[in-house]
Amino acid sequence: MNSEWSLDVFYKGVSDPRLDADMAKLEEMAETYKQMITDLPQVKSGEQPDSGELIRILKEVVLVKEELTVLSRKLGGYFSLRRSTDSSDSEGSRYSTRIRAISAGLSTYHVAFDKFAGSIENLETLLQQDDVLKEYTFYFSEIKDSVSHLLSDEAEGVIAKMNISGGSTWSELVGYLQSRVKVDYKGEIITLPAVRGLAADEDPAVRKAAYEAEIRSYDQIKDPIAFALNAIKTQVNTTSELHGYADPMELTLKDSRMKRETLDALLQAIQDYLPRFRSYLSHKAKLLGHENGLPWYDILAPMGEASSRKFTIEEAREYLLEQFSPFAEDIASMIDTAFEDNWIDFYPRNGKRGGAFCANIPFAGQSRILTNFTGEFGDVVTLAHELGHAYHGTQIQDHRPLNWNYSMPVAETASNFNELVVMNEAISKAKGQEKIRLVESQIQDCTQIIVDILSRYLFEDAVFHQSKERFLYADDLAQLMLDAQKQAFGEGLDEKVLHPYMWCCKSHYYSAGRSYYNFPYAFGGLFSRGIYARYLEEGKSFLPRYREMLKATTVASCEDVAKIAGIDLTDVGFWRSSLQVIDDNIRIFMA
């Protein structure tokens, strides 16, 4: 077991002959695909080919798209993971450019195929007549629904190609800038992830000094990042309008496979419970000696007393196996494999991005996990969270390749579920000040995914609307962020000590293909609590239904996935019931 991940499941480096062979295969398959689409017959009302011919055509194209998908995910995933631990990876840049160019060059043909398939009158009936196509019933239903929003083949191709030098490049610039910031903390130069990590330090003087150093450091990058944010949001506004969507939110909900009624119910429930979160923050402020609400630098201040235990990597492994072996043996087995087979990159270092993530590798039946591990119990919980994503990956990897993608909201289900298993078990065994520490840390995390996420949602929504009218400079964006934080946190925070540059350190805003990547965290945190409540009611007999639900996330809407667990997502009462669980903990902590 190493402290850095192995990417050998992809390639053993840029000199690996398999890499160039796969690049050549990708280019070859791309040309094959283009020719197949070029040769598609015209399908007009009453003039389409016979059923047997249509089935043959659909299946041939699908099989080629599958091969392209596997190659693209293998090559693109490899260089994306390399870049996440080394932002200056110049070796892989030429490959990344070629891969993006190939992908963009196929956009016109993807559009043409979608239009062809979407115009077939009896498409659903045809799909049921072939075993391969039958598995793509949901896939083709989404195509059918999206056809009305497609532009001409040529226009879609132009948009995809322009994105290479537009949104995609701006996004890479942001990641590069964030990873290269030099933060002057008490005369020592440290990274942005390192200084942000001090926000949870035991020493209040350290927390405050770290916050002040972090805020100062954004002067180095706030202006270019402001340009990136304007460029990306303007691009999304433009392409959403061109495709006939009312706004980027309508497009986001479609991509999320989620009804507006579900989002409205979620947001309404959050609004209903904001006073309880604000009471918690005000109470915490008083405990820490603040009179006008909690200053930003103390949001993550630990309460109670932490266990003195520090975890090594091996101890973290043993701890997680202890928690999950009695719960679900298949989860425990996967966790053991993840540690043993070097799926995880643990420690922070220069050039490595901050935070944590999990990348599923379904074609290999594996995942890769990035963390910035320091040995704290919170880092073990983070590992549990990311390993939840990995477990989700094991449930969808047996789908056919075009059915590997789950939507943003359900993406956080298994990860949050894993967190609950670990945290609730730890709380149940803790006593005294250590119990207070754990209960408050859980409330703290919920405050992040509910109240802070609401502020990020409000900020992004404001940026989308205001960037239509004017260019938003760094100072404008800072003010929008402050306004959003005041609206979400209210009197719970000291409005004179907020975080005007939260938009500079979060990567979630900087994708032309994924907007509003904030509310899915609230969705996942609350949905997982509803699922966990079902588990507590039914015990291990619920686990087969849990696995069924995870598997369905790539081939069903959010609402239909939830129905497997007997949940109605459009019912505000469901979301309130999950928030009430958090409120109960708030009352315990305040008492």
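The dialogue below takes up salt bridges, surface, pocket, backbone and helix features in turn.

Visitor: On what basis are the values computed?

Guide: This is a predicted model, in which local features need pLDDT of at least 70 and side-chain atom pairs count only at pLDDT 80 or more, while totals for chains, interfaces and linings use all residues. Residues are numbered from 1 along each chain as its sequence is written, and side-chain values use heavy atoms, with hydrogens and water left out.

Visitor: How many salt bridges does the structure hold?

Guide: Side chains of opposite charge can pair when their charged atoms come close. The criterion for a salt bridge is a side-chain nitrogen of Lys or Arg within 4 Å of a carboxyl oxygen of Asp or Glu. The structure holds 37 of them.

Visitor: Which residues are linked with Asp-345 in a network of salt bridges?

Guide: The network links Asp-345 with Glu-4, Arg-349 and Lys-352. Within it, Arg-349 and Asp-345 form a salt bridge whose closest N and O atoms are 2.9 Å apart. To describe their surroundings, one uses relative accessible area: buried means under 20%, exposed over 50%, and partly exposed in between, with a 1.4 Å probe and protein chains only. Asp-345 has a value of 0% and is therefore buried, whereas Arg-349, at 28%, is partly exposed.

Visitor: What is the distance in the salt bridge of Lys-254 with Asp-255?

Guide: The closest N and O atoms of Lys-254 and Asp-255 are 3.7 Å apart. Lys-254 is partly exposed because its relative accessibility is 33%, and Asp-255 is partly exposed at 40%. Another salt bridge joins the side chains of Asp-219 and Lys-222, at 3.2 Å from N to O. There Lys-222 is buried, with a relative accessible area of 14%.

Visitor: Which residues make the nonpolar surface patch of about 310 Å²?

Guide: Patches are made of residues with over 30% relative accessible area and no salt bridge; like charges are joined within 9 Å, and nonpolar side chains (Val, Leu, Ile, Met, Phe, Trp, Tyr) within 5 Å. The areas come from the Shrake-Rupley method with a 1.4 Å probe, and for residues only the protein chains shown count as cover. Here Phe-227, Phe-471 and Tyr-473 make the patch. Phe-227 is partly exposed at 42% and belongs to helix 11 (residues 222–242). Helices (H or I, at least four residues) and strands (E, at least two) are DSSP runs, numbered from the N terminus.

Visitor: How many residues line the second largest pocket?

Guide: On a 1 Å grid over the protein atoms alone, a cavity is a set of points where a 1.4 Å probe fits but cannot get out; a pocket is an open set with protein on both sides within 12 Å along at least five of seven lines, and lining residues have an atom within 4 Å of a point. The second largest pocket is lined by 19 residues, with Leu-420, Asn-424, Tyr-532, Val-581 and Asn-585 nearest its centre. Two or more lining residues come from each of helix 18 (413–429), helix 19 (432–466), helix 22 (519–538) and helix 25 (572–590). Helix 25 provides the largest share, seven residues.

Visitor: Where does Lys-186, with its positive phi, lie?

Guide: Lys-186 has phi near 55°, a positive value in a residue other than glycine. Its place is the loop between strand 1 (183–185) and strand 2 (188–190), and Lys-186 is exposed because its relative accessibility is 61%. Asn-342, also not a glycine, has a positive phi of about 60°. Asn-342 sits in the loop between helix 15 (329–340) and strand 3 (344–345), yet is buried, at 14%.

Visitor: With which side chain does Glu-66 make a polar contact?

Guide: A polar contact is a pair of N or O atoms within 3.5 Å; within protein, one must be able to donate a hydrogen and the other to accept it, and residues adjacent in sequence count only if both atoms are side-chain atoms. The side chain of Glu-66 meets that of Arg-400 in such a contact, at 2.7 Å. Glu-66 is in helix 2 (residues 51–85) and is buried, at 8% relative accessibility. Helix 2 also holds Leu-75, which is buried at 0%.
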